Amino acid sequence: MALLAIIGIVIQPVTEVSKYVLVPIKQQASYFICYKKYVHNLKKEAEKLEPGINDVRGRVEVAQRNSEVVLGEVERWLSSVEDIIKDAQRLDNQLQGNIRCFDLHMRYKLGKEAKKKIDTVNGLQRDGNFSSVSYPNQNTSIESLPDGDFYKSESIESSMKQVMDALKDENINIIGVFGMGGVGKTTLMKQVAKLVKRERLYEEVVMVTLPHNPDLKRIQSDIGDPLGLKMPPEEGDISMRACKLSERLRQGKNVLVILDNLWGRLELADVGIPNREECKGCNIIFTTRSTEVCDAMESQVRIAVNVLSEHDSWSLFREKAGGIVDTPTLHDLAWKVAKESGGLPLAIVTLGRALRNKDQLV
Ligand SMILES: Nc1ncnc2c1ncn2[C@@H]1O[C@H](COP(=O)(O)OP(=O)(O)OP(=O)(O)O)[C@@H](O)[C@H]1O
Ligand SMILES: [Mg+2]
């Protein structure tokens, strides 16, 4: 302390220049004078991180059990806290060891390192208040969608193949899929999302089903949320949110955005979806009932989803209705109903299910 006091006296007749020169000297001197205090403080401050790290670890474990994605900043925080706790212990061990009183170099080193790490610990204490530690893993949920009810009709398989070929074509980044209501566009898109993830064609896949009158903020949130971008619909103005989303989409190496159910032109730039020049790895597929929307969206390819053939209609109907359709009394009627459904899976599935287990009515 005496040395610091002397330095303080020397500083008294401060000129601006001496201030700049002497303050750092005082700081340097404090390293080998106050080294013990610094190491003790470091240990004390590092200990204060322990309840926080236990809490965050617990929340991370719960999130992982729910297949959620842990935020990068949380992972970095945890690993920095673990490191600093070890460092504090190491410096304390060194202090307990044999530091000879005259080993000024060792005292200086210890003091300097401890002081620096106290600042780091304080920063980590401030940063450790996470409102959330994870976000839902949209990609996992896409991958784990059940295959069970997906009927691979000839027409659906053909549309699926065309979609996959277009997705593999580097010159195509906006694909339009069209077909009448109930023909199976949404069902197809769910399968495509799964397949591209399984085949590792895209690292990230986001599927958003749009309402009739879509609200841009809602779309931005629905795309951003699964990518871990916190953008509640009530927050921020549209263009600021668009910038944020665009930045995030450009970060991903390969992102497929599926916009299901477009009713008219959607200004992708207004939403924050980058164009081909801005981001080569960000591709779009949209579905619509109308080919005019494909034109309005300037899709590079248009893929039709067609109704089922008579043969496929009957197979799907039979699958949904069960063995009842083979009973002599119902067979002809069932065949007629399947035919009347006009090859629309929506109608076939609904009617088939309605007939299932209704043999007591016959
Ligand atoms: N390939 C399929 N296998 C089995 N069921 C299917 C298939 N495609 C569609 N369906 C059935 O038809 C229903 C309607 O399909 P879907 O919602 O995919 O149609 P859509 O073309 O998206 O209609 P919309 O234009 O109204 O959005 C589904 O809920 C499902 O029950
Ligand atoms: Mg649909």
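Modeller: Start with a loop. Arg-200 sits in the loop between helix 8 and strand 4 (204–209). Keep in mind that this is a predicted model.

Biologist: Is Arg-200 buried or exposed?

Modeller: To decide, take the relative accessible area and compare it with a cut-off: over 50% counts as exposed. Arg-200 has a relative accessible area of 73%, so it is exposed.

Biologist: What is the phi of Arg-200?

Modeller: The phi of Arg-200 is near 55 degrees, which is a positive value in a residue other than glycine. Glu-298 also is not a glycine, and its phi is positive at about 55 degrees.

Biologist: Where is Glu-298 found?

Modeller: Look in the loop between helix 12 (291–296) and strand 7 (301–304). With a relative accessible area of 57%, Glu-298 is exposed.

Biologist: Now a residue in a helix. Is Glu-45 buried or exposed?

Modeller: The other cut-off applies here: under 20% counts as buried. The relative accessible area of Glu-45 is 15%, so Glu-45 is buried. Its place is in helix 3 (residues 35–65).

Biologist: Which residues does Glu-45 touch?

Modeller: Leave out residues up to four places away in sequence, and the list is Val-121, Asn-122 and Gln-125. With Asn-122 there is also a polar contact of 3.3 Å between the side chains.

Biologist: Next, the ligand. How many residues surround ligand 1?

Modeller: There are 15, and the closest are Tyr-151, Lys-185, Thr-186, Thr-187 and Arg-289. Sorted by class, the shell has seven nonpolar, five polar and three charged residues. Domain 2 (138–304) and domain 3 (310–361) each supply at least three residues to the shell.

Biologist: Which polar atoms of the protein lie by the oxygen atoms of ligand 1?

Modeller: Take the side chains, then the backbone. A polar side-chain atom of Thr-186 is 2.7 Å from an oxygen atom of ligand 1. For Thr-187, an N or O atom in the side chain lies 2.6 Å from an oxygen atom of the ligand. At Leu-346 a polar backbone atom is involved, 3.3 Å from an oxygen atom of ligand 1.

Biologist: How much of ligand 1 does the protein bury?

Modeller: Begin with the ligand taken alone, which exposes 630 Å². The protein buries 79% of that area.

Biologist: Which elements give two or more residues to the shell?

Modeller: Helix 8 (185–198) and helix 15 (345–355) do.

Definitions and conventions: Residues numbered from 1 in each chain as written. Chains lettered and ligands numbered in written order. Predicted model: local features only at pLDDT ≥ 70, side-chain atom pairs only at ≥ 80, totals over all residues. Heavy atoms only, no water. Near = heavy atom within 4 Å. Polar contact = N/O pair within 3.5 Å; in protein donor to acceptor, adjacent residues only side chain to side chain. Areas by Shrake-Rupley, 256 points an atom, 1.4 Å probe, with all protein chains shown as cover. Helix = DSSP H or I, 4+ residues; strand = E, 2+ residues; numbered from the N terminus. Nonpolar A, V, L, I, M, F, W, Y, C, P; charged D, E, K, R; others polar. Domains from an automatic or database assignment. Buried < 20%, exposed > 50% of the residue type's maximum accessible area, 1.4 Å probe, protein only. Contact = heavy atoms within 4.5 Å.
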